[in-house]
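Work through the exercises below with the model open in your viewer. Try each task before reading its solution.

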Amino acid sequence: MTDPTTRQPIRFGELRGYLDTLEALGDLRRVTRPVSADLEAAAISRLSCERQSPAPLFENVEGVAPGFRLLGAPAALSSAPGKPLARVALSVGLPAGTTAAELVDHLASTRVAKPVPPRRVAREDAPCKQNVLLGDDATLDRFPVPRVHEFDGGPYANTWGIIVAKTPDGRWTNWSIARIMLIDGRHMTGLVIPAQHIGMIWSEWVAIGEPMPYALVQGGDPAIPFVGGVPLPPGVDEAGYIGALHGEPVDVVRCETVDLDVPAGAEIVIEGHLSVGRDAREGPFGEFAGYGSTETSMQPVYTVEAITHREDPIWPLVAEGRPVDEFHTVTGVGQAAEVLAELRAAGLPVTTAWSPLRAASHWMVVTVPRDWRERLPGVDSAELTHRIGKVLSDSHSGRATAATFVLDDDVDPADDTDLLWALATRIHPLDRAEPWYGFVHPLLNCYTHEERAAQSGPIVFHDGLLPAPGEGRLPHSSFAQAYPERIRSRVLEHWDD
């Protein structure tokens with residue numbers, strides 16, 4: 001058993017070791033009573049997010065063979081006292097008590113580390129090959145594909161699995177997460193947004209008139225879906241990034257029917273091809289902004305041609321919606337890490353970046369150190385905010401959030417109490433803001449229908465920087481800054497008297 005309190009890097013290699021560690025933390029709840037995959041498992045998972053309860057592992061799912069399981073809230077906020085980011089930190093090999101700043105810094109540092117390519121293993125050494133379903137046996141009818149929200153267009157076969165796809169020339173293999181809806185046991189459809197990596201690769205197959213080979217991977221090392229949700233730059237192989245994260249290669253195995261490698265420790269692998277045309281209607285689905293959508297769209301069709309799985313497979317489930325769930329803890333954290341890496345690469349003095357979890361991935365906060373003026377002589381706060389805006393307005397991650405707030409690092413952006421106070425008292429209601437026009441994420445709820453449809457609009461950068469020390473900056477009227485050290489020590493010493 002892994003000691004969850006260790007400060008040593010942790011690598012699980014598969015989902016089950018991760019669940020053992022969550023259980024040791026008291027952050028896993030085994031649900032043994034019969035539970036339906038039609039809404040009930042998702043409703044329990046959603047409530048566990050909203051109550052910040054242990055992750056539910058459903059061990060008795062109605063309507064499927066004994067042993068088939070569902071896992072809810074795999075990377076939501078943890079119930080472990082004082083360790084809200086435990087599931088996220090453990091997923092990327094860090095101790096359960098890792099802070100937000102440490103987490104973002106670790107991910108940003110890995111971006112500039114040398115990638116470690118995956119290692120192919122023999123199929124007899126790959127747990128995901130314990131059961132191989134081909135031909136008529138390759139049907140999703142035997143699996144507990146969950147229906148997530150009452151207003152969804154159907155059951156969703158993917159909310160936490162990665163889609164493996166490769167460009168026709170083989171130069172780029174991408175592991176990413178996108179929602180996929182079940183049509184029937186042999187067909188699925190899902191969002192393929194042109195600006196996202198899956199859309200970029202699919203468009204290359206469309207250009208040559210051939211369906212795109214794919215593999216949909218459920219379960220495996222928890223770093224795999226986590227990194228699949230991180231917006232790495234186009235052309236970067238997620239498998240190499242995960243190898244750099246762990247300091248050793250990810251074990252992969254050849255698919256049965258398509259020219260792709262998949263994580264050998266996966267719970268379930270679905271293989272096939274994605275159609276050239278947008279042939280099926282997908283949605284609606286309740287997304288990360290926290291609202292039940294009524295929108296549908298025509299999307300390509302995934303044909304199921306083979307399925308492999310472990311004994312007693314575990315199908316992870318994310319009941320996406322109002323914060324905080326996996327989209328906010330994973331994509332939001334990943335966006336913050338990318339923003340931090342990009343600003344550092346531009347030579348700007350930045351302490352950290354953070355996507356406030358309860359802002360539903362619509363906001364980004366960038367903090368700068370107290371001595372930033374010494375590092376950038378002659379630059380004022382408006383110019384620094386402008387330079388940050390210029391870097392991020394040209395980046396995929398920077399354009400993924402609608403508003404960025406630039407603040408001093410005397411506040412912790414991951415502490416909502418700190419953050420709300422700083423935003424209310426330092427952001428001018430009208431001035432000190434600069435818009436940058438261009439691509440906007442179509443699922444950000446703050447934009448108009450026309451802006452979301454055109455995927456075009458403003459992102460805004462707010463200058464919330466305080467005056468320089470000694471030039472008008474005021475101390476906090478707080479216990480930490482409004483009293484001398486001798487008084488604070490005396491108060492603390494006698495606090496329980």
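The exercises go from the whole chain to single residues.

This is a predicted model, where local features need pLDDT of at least 70, side-chain atom pairs count only at pLDDT 80 or more, and totals for chains, interfaces and linings use all residues. Residues are numbered from 1 along each chain as its sequence is written, and side-chain values use heavy atoms, without hydrogens and water.

**Exercise 1. Overall shape**

Task: compare the radius of gyration of the chain with that of a compact globule.

Solution. Take the radius over C-alpha atoms; the globule rule is 2.2 Å times the number of residues to the power 0.38. For 497 residues the rule gives a value near 23 Å. The chain has 23 Å, so the two agree. Next, the box: along the principal axes, the C-alpha atoms fill roughly 75 × 60 × 45 Å. Then burial, where buried means under 20% relative accessible area, exposed over 50%, and partly exposed in between (1.4 Å probe, protein chains only). Of the 497 residues, 56% count as buried. Last, contacts, meaning heavy atoms within 4.5 Å. Among those between residues at least 6 apart in sequence, 72% join residues at least 24 apart.

**Exercise 2. Strand S20**

Task: find which strands pair with S20, and in which sense.

Solution. Helices (H or I, at least four residues) and strands (E, at least two) are DSSP runs, numbered from the N terminus. The chain has 13 helices and 23 strands. Two strands pair if DSSP finds at least two bridges between them. Strand S19 (residues 352-354) pairs with S20 in the antiparallel sense over 3 bridges. There, Thr352 has Thr367 of S20 as its bridge partner. Strand S21 (residues 403-408) runs parallel to S20, joined by 6 bridges. Val366 stands opposite Val406 of S21. Now check burial: 5 of the 6 residues of S20 (residues 363-368) are buried, so the strand is largely enclosed by the rest of the structure.

**Exercise 3. Helix H5**

Task: list the elements that the buried residues of H5 pack against.

Solution. Start with the buried residues of H5 (residues 197-207): His197, Ile198, Gly199, Ile201, Trp202 and Trp205. The buried residues pack against strands S7 (162-166), S8 (173-176), S11 (212-218) and S14 (268-274), and against helix H7 (238-246). Just after H5, Gly209 takes a positive phi of about 75°.

**Exercise 4. Backbone exceptions**

Task: locate the listed cis bonds and positive phi values, and state the burial where given.

Solution. Recall the background: most residues other than glycine have a negative phi, and most peptide bonds are trans. The bond from Gly283 to Pro284 is cis, with omega near 0°. Pro284 is in the loop between strand S15 (280-282) and strand S16 (297-299). The bond from Pro323 to Val324 is also cis, with omega near 15°. Val324 is in the loop between strand S18 (314-317) and helix H8 (326-345).

Now phi. Gln52 has a positive value near 50°. Gln52 is partly exposed, at 29% relative accessible area. Ser361 has a positive phi near 60°. Ser361 lies in the loop between S19 and S20, and is buried at 2%.
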